[in-house]
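The following exercises are to be worked with the sequence and the structure at hand. Each task is followed by a solution in steps.

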Amino acid sequence: MMKQDKMVKRQDSGDLQPREQHERLYNPRVDVLENSEEYLVVADLPGVTQNNLQIDVEKDLLTIEGQMLDTQESWIPAALEVHRGTYRREFRLPRGLEVDKIKAEFNHGVLSVHLPKGAKLKPRKIAISID
């Protein structure tokens, strides 16, 4: 049986980073999607509640941070595949986003951050003149 104070690290995941002696920092799995109007960042944050989630934009840096608290303290884990601790991910944002229009939604452990493109980032058609 496994000790209660240990975390299980999947062999295919190289995303553990020590933060403090008893706290681990994890990179959540993220998809970044794009269409003509916006970028969409979708992050899986299992076990994180909205109260333990923070999204910041400072200059050209988007930071997503959430903490999963262990709610099953009286249980002794037999197997753990979900990381407990702090999730953190940072993204450099392209210039030309409409930062004041950024929106976020959080449903069932999935965070969606909408990053609207400004006019300079949106594709446009160029008219061709005939001589």
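Two strands are said to pair if DSSP finds at least two bridges between them. The model used throughout is a predicted one.

**Exercise 1. Determine how many helices and strands the protein chain contains, and in what order the elements run.**

Step 1. The secondary structure comprises zero helices and nine strands. Step 2. Read from the N terminus, the order is β-β-β-β-β-β-β-β-β. Step 3. Among contacts with a separation of 6 or more, 56% involve residues 24 or more positions apart.

**Exercise 2. Identify the strands that pair with strand E4 (residues 38-44), and state the sense of each pairing.**

Step 1. Strand E3 (residues 30-34) pairs with E4 in the antiparallel sense, over five bridges. The two are joined by a hairpin of three residues, and Val32 stands opposite Val41 in E4. Step 2. Strand E9 (residues 110-116) also runs antiparallel to E4, with seven bridges between them. In this pairing, Leu40 stands opposite His114 in E9.

**Exercise 3. Explain why strand E4 is described as largely enclosed by the rest of the structure.**

Step 1. A residue counts as buried when its relative accessible area is under 20%. Step 2. Five of the seven residues of E4 are buried, and the strand is therefore largely enclosed. Step 3. For the protein chain as a whole, buried residues make up 30% of the 131 residues.

**Exercise 4. Locate the partners of the salt bridge between Asp60 and Arg92, and name the residues of the salt-bridge network.**

Step 1. The closest N and O atoms of Asp60 and Arg92 are 3.0 Å apart. Step 2. Asp60 lies in the loop between strand E5 (53-58) and strand E6 (61-68), and Arg92 in strand E7 (residues 85-92); the pair therefore ties together parts 32 residues apart in sequence. Step 3. Asp60 is partly exposed at 35% relative accessibility, while Arg92 is exposed at 62%. Step 4. The network of salt bridges links Glu65, Arg88 and Glu90. The count of salt bridges comes to six.

Technical notes. Residues are numbered from 1 along each chain as its sequence is written. This is a predicted model: local features need pLDDT of at least 70, side-chain atom pairs count only at pLDDT 80 or more; totals for chains, interfaces and linings use all residues. Side-chain values use heavy atoms; hydrogens and water are left out. Buried means under 20% relative accessible area, exposed over 50%, partly exposed in between (1.4 Å probe, protein chains only). Helices (H or I, at least four residues) and strands (E, at least two) are DSSP runs, numbered from the N terminus. Contact means heavy atoms within 4.5 Å. A salt bridge is a side-chain nitrogen of Lys or Arg within 4 Å of a carboxyl oxygen of Asp or Glu.
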